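Consider the structure shown here, with its sequence alongside. The report after it asks how its chains are built and how they meet.

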Protein chains: 2
Amino acid sequence: MKILIYDTTLRDGAQTEGVSFSIEDKLRIVQELDQMGIHYIEGGYAGSNPKDEEFFDRARELKLNQAKLTAFGSTRRANRKAVEDSNMHHLLEAGTEVVTVVGKSWDLHVKDVLRVPLGENLAMIEDSVKFLKRNEKEVIFDSEHFFDGYKENPEYALKTLEAAANGGADCIVLCDTCGGAMPIEIKEIVEATKARINAPLGIHAHNDSGVAVANSIIAVQAGAVHVQGTFNGYGERCGNANLCTIVPNLKIKIGFDCISDENMKRLTNLSRLVSELANLPHDEQKPFVGKSAFAHKGGLHIDAVQKNPRTYEHIEPELVGNERRILVSDQSGKSTVLTKLMRDYPHLEKDSPEVKEIFDLLKEGERDGYQYEGAEASFELMMQRVMGNLESFFELKGFTVLVERSENHEMRSQATIKLVDVNEKIEYEASEGHGPVDALSKALKKALLNFFPELESVRLTDFKVRVLDAKTGTAAKVRVLIESSDGEEVWGTVGVSEDIIEASWEALVDSIQYKLFMNKNGD
Amino acid sequence: MKILIYDTTLRDGAQTEGVSFSIEDKLRIVQELDQMGIHYIEGGYAGSNPKDEEFFDRARELKLNQAKLTAFGSTRRANRKAVEDSNMHHLLEAGTEVVTVVGKSWDLHVKDVLRVPLGENLAMIEDSVKFLKRNEKEVIFDSEHFFDGYKENPEYALKTLEAAANGGADCIVLCDTCGGAMPIEIKEIVEATKARINAPLGIHAHNDSGVAVANSIIAVQAGAVHVQGTFNGYGERCGNANLCTIVPNLKIKIGFDCISDENMKRLTNLSRLVSELANLPHDEQKPFVGKSAFAHKGGLHIDAVQKNPRTYEHIEPELVGNERRILVSDQSGKSTVLTKLMRDYPHLEKDSPEVKEIFDLLKEGERDGYQYEGAEASFELMMQRVMGNLESFFELKGFTVLVERSENHEMRSQATIKLVDVNEKIEYEASEGHGPVDALSKALKKALLNFFPELESVRLTDFKVRVLDAKTGTAAKVRVLIESSDGEEVWGTVGVSEDIIEASWEALVDSIQYKLFMNKNGD
């Protein structure tokens, strides 16, 4: 049984708080979804605004491999003919092969929101589908609030589906619009509906109860053949059902045909790309596609995974284009470090002196409060230093930071820095900044940019501070984790000190060193 | 039927990438979970490290209302007596009323990881439970990898449960350790297990397939009476089952008794507090507890919700202490604030000018990046200031901080401070410190101790920094949260600035002010 996947990232997904896709973003996403093998791509609400109109005009020019583009819209309004209704005309004007028309299945909505007689709502549905079919469209009917409607008035909810079926709908999609349905309810209601309605059924779930993925899967197991959702689960409130989770579950875990094995390997990258285009941080804990999804921390787990990956991994990460990560933390033992090292230096053995030295440094570091999880770049530098593979790009002689708050409450931060550059020359630089770390960072870059123009692109993208020994109060040791990016790669570094400025400085220097090391080694 | 809720935020939740709770954090969380009515709180892995030992020592001193603290550990090792095994002794030494002992239910693990005969594993389980029961503990048995084990060798998996039941386990918890099980499988397997095992069953799900919440709910519907999970779904890889989602689903959606209506209203605040203590951003799209969970963006939805909230809300947000947000006129926290205010000033009305002023300050603060969850003392001060109830204990004229790193890598931090004291006299003080915040804190205390000797006891117990707008790099605004204690009370304060020193200063001053305010008001 082939399950058809319907993506609504560009319409429902764009309802996420803070998200607004440009037309270029949308066109890019359409092409990527097509290459991934998604069957339907909903482009937007037809006729709702000029941006969506322009999108459909340009999307028609795209050469898609297999995906069908769809336009979304409501049924005709009450008490008028479909042919005279602008909703219908907007749907036709979008020029897509497929149209998705949404109608009300909950009598409460018909009465309280539409405020039309129940019979008229049925006519609106049937007429609209019929009109679109007469205009040679493939028609998908989205049955809004179907599950809420069914629970209160099953007979009426089913009649709305029959109206769509009578109109000739090619697929009838049961929507849990408020996201309130529980999995077992979904199972029972989809089964009952399938017994009554003579048309292919689909599912459209929202995540307000945290079970949208489960509801979608269960609906398929109960007979639905079409699944609507968004990439990364974007959507209003708590989001829509997440296709990045549903698709591998259907295919890899349960065995429904939907996306080819080859295309499944694109999943992690495409999920990440959609995050980038939405300008939202990628949720690294997300199933299948997060950076943490196959990351192992506890020493016992790591040992077990190395003996047999099935012991702590429910699928092979490669199937979805992700990878296993062994986190370097105080809970993971020697074997973790070894695995990481061996990847770069396959000639090393468990008892090579370099391995011992790195292991000792790691232990010592962790005792002092370092943590390399999230700071893999600092760990890499430490490793390369021991292996004699890390040249020194500069030598720090000292720095000062002065922060002042004046009587009129103005703040001023300045830093001076003294270092010996690659030509053994003393560099002495100063800078102001927004706060002491910014001032230091600017002074350091100023001192190095002449030799290393590539540093221009480096910026700090995150900064975390953790107090290590709370009992000593403000005199406590702090650990600073810095995340940096040059627009392509992202790396994390760490510094530890009783002095937050020194800890920040240390992480800052590692970040710069790592960038220079990567450039040097063509990484 | 009462469902018992078991929280493992402090053990499994602490496995989240990047999370490490301080002992103070853990003690605070225990108290909050207890107040929320959570039945079991797992404190940590007994005997695994000195930090967990200290935690159990201090946790024993806490007066809990109803929650039972539990210590976690493995069964005895192979081929030795329980009474001679250190695992068992660590569990007893933790001194908790309840212990949770984990054993293997998947034959693959017994063979490949433990490498002991299948029969010996059964004996390890039974002996361990028996030993702990003989020592008068309530014993929960966590059946690791139960579902994977059942799918490959149901007879053996069930035998491991029987071993635990024979040992006298008070509850047997079926774990989906890899998070790979699908909802319908869970239903079938729990039902089959219940028919066979004569002991109360529990469920412990992981979210690797994105269905941990659904699996937990379905397990309860299939007969489990005990649910394990973490706050905010923290945990290794993709996290554990999220109690913040499961509990309201069980109670409000399906009608299982677990947490009182009154306590359910604490859910949103407590979820947010746990995020703060974990130093992770709160996921605002999370069901029930996210800021977006009941936020309405589309105009049609807003209209409909105003006609009848049920049209686009699956539950009333107030039931879980959350609130509806209409995104065009964002007024977050309003009902919370009102409740807080009315408690101290019962004569206030919703439209008193003081209430309006506090709302305005709150809104302005939130726009600037302040956040008062975890910084209730700062909020209290703001409230009391508006109510005219907060006297000024000193007036700051200015400060400087100088941080130097010398050529021999020594760090030195010093601060000077100028303020007007209660007698209108200028105080000018200086201090060195371990880092700039410590130097500032010491200089401030020095200037005030003559007048307020009670400040002697105040110490900073935690210090958290969050970058608010990561994109601007080191020039980003930061929020500093400080936790202080005088040995009896613990309070949190907040500061926001582009300059980490200024933000720290602000939180520091609030902390001191709050202590002086409390003393003055005999609180």
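Predicted model: local features only at pLDDT ≥ 70, side-chain atom pairs only at ≥ 80, totals over all residues.

In chain A, eight strands close into a barrel in the order β1-β2-β3-β4-β5-β6-β7-β8, and the pairing is parallel. Neighbouring strands of this sheet are turned against each other by 25 degrees on average, with direction ignored. Strand β1 (residues 4–7) of chain A is joined to strand β8 (residues 226–229) of chain A by four bridges, the two strands running parallel, and within this pairing A:L4 has A:H226 as its bridge partner in β8(A). Helix α9 (residues 212–221) of chain A packs on the sheet, where it touches β6 (171–176), β7 (201–205) and β8 of chain A, and its direction makes about 175 degrees with that of β7(A). Helix α3 (residues 86–93) of chain A lies across β3 (68–74) and β4 (98–104) of chain A, running at about 170 degrees to β3(A).

Chain B also holds a closed barrel of eight strands, which runs β1-β2-β3-β4-β5-β6-β7-β8 with parallel pairing. In this sheet, neighbouring strands are turned by 25 degrees against each other on average, direction ignored. Between strand β3 (residues 68–74) and strand β4 (residues 98–104) of chain B, which run parallel, there are five bridges, and the bridge partner of B:G73 in β4(B) is B:V101. Helix α9 (residues 212–221) of chain B packs on the sheet and touches β6 (171–176), β7 (201–205) and β8 (226–229) of chain B, its direction making about 175 degrees with that of β7(B).

| Strand pair | Bridges | Direction |
|---|---|---|
| β1 and β8 of chain A | four bridges | parallel |
| β3 and β4 of chain B | five bridges | parallel |
| β14 of chain A and β14 of chain B | three bridges | antiparallel |

How many residues does each chain bring to the contact? Chain B contributes 118 residues and chain A 113 residues, and the area buried between them is about 9,300 Å², of which carbon and sulfur atoms give 52%. Six salt bridges are counted between chain B and chain A, including the one in which the side chains of B:K418 and A:E407 meet at 2.6 Å, N to O. Across this interface 38 residue pairs are in polar contact, both residues being at pLDDT 80 or more. Strand β11 (residues 395–405) of chain B gives the most to the side of chain B that touches chain A, with ten residues, and by class that side has 44 nonpolar, 39 polar and 35 charged residues.

Note on methods. Residues numbered from 1 in each chain as written. Chains lettered and ligands numbered in written order. Heavy atoms only, no water. Contact = heavy atoms within 4.5 Å. Buried area = accessible area lost by both parts, 1.4 Å probe. Salt bridge = Lys/Arg side-chain N within 4 Å of Asp/Glu carboxyl O. Polar contact = N/O pair within 3.5 Å; in protein donor to acceptor, adjacent residues only side chain to side chain. Nonpolar A, V, L, I, M, F, W, Y, C, P; charged D, E, K, R; others polar. Pairing = 2+ DSSP bridges. Axes fitted to C-alpha atoms, helices over the stretch in contact; angles between N-to-C directions.
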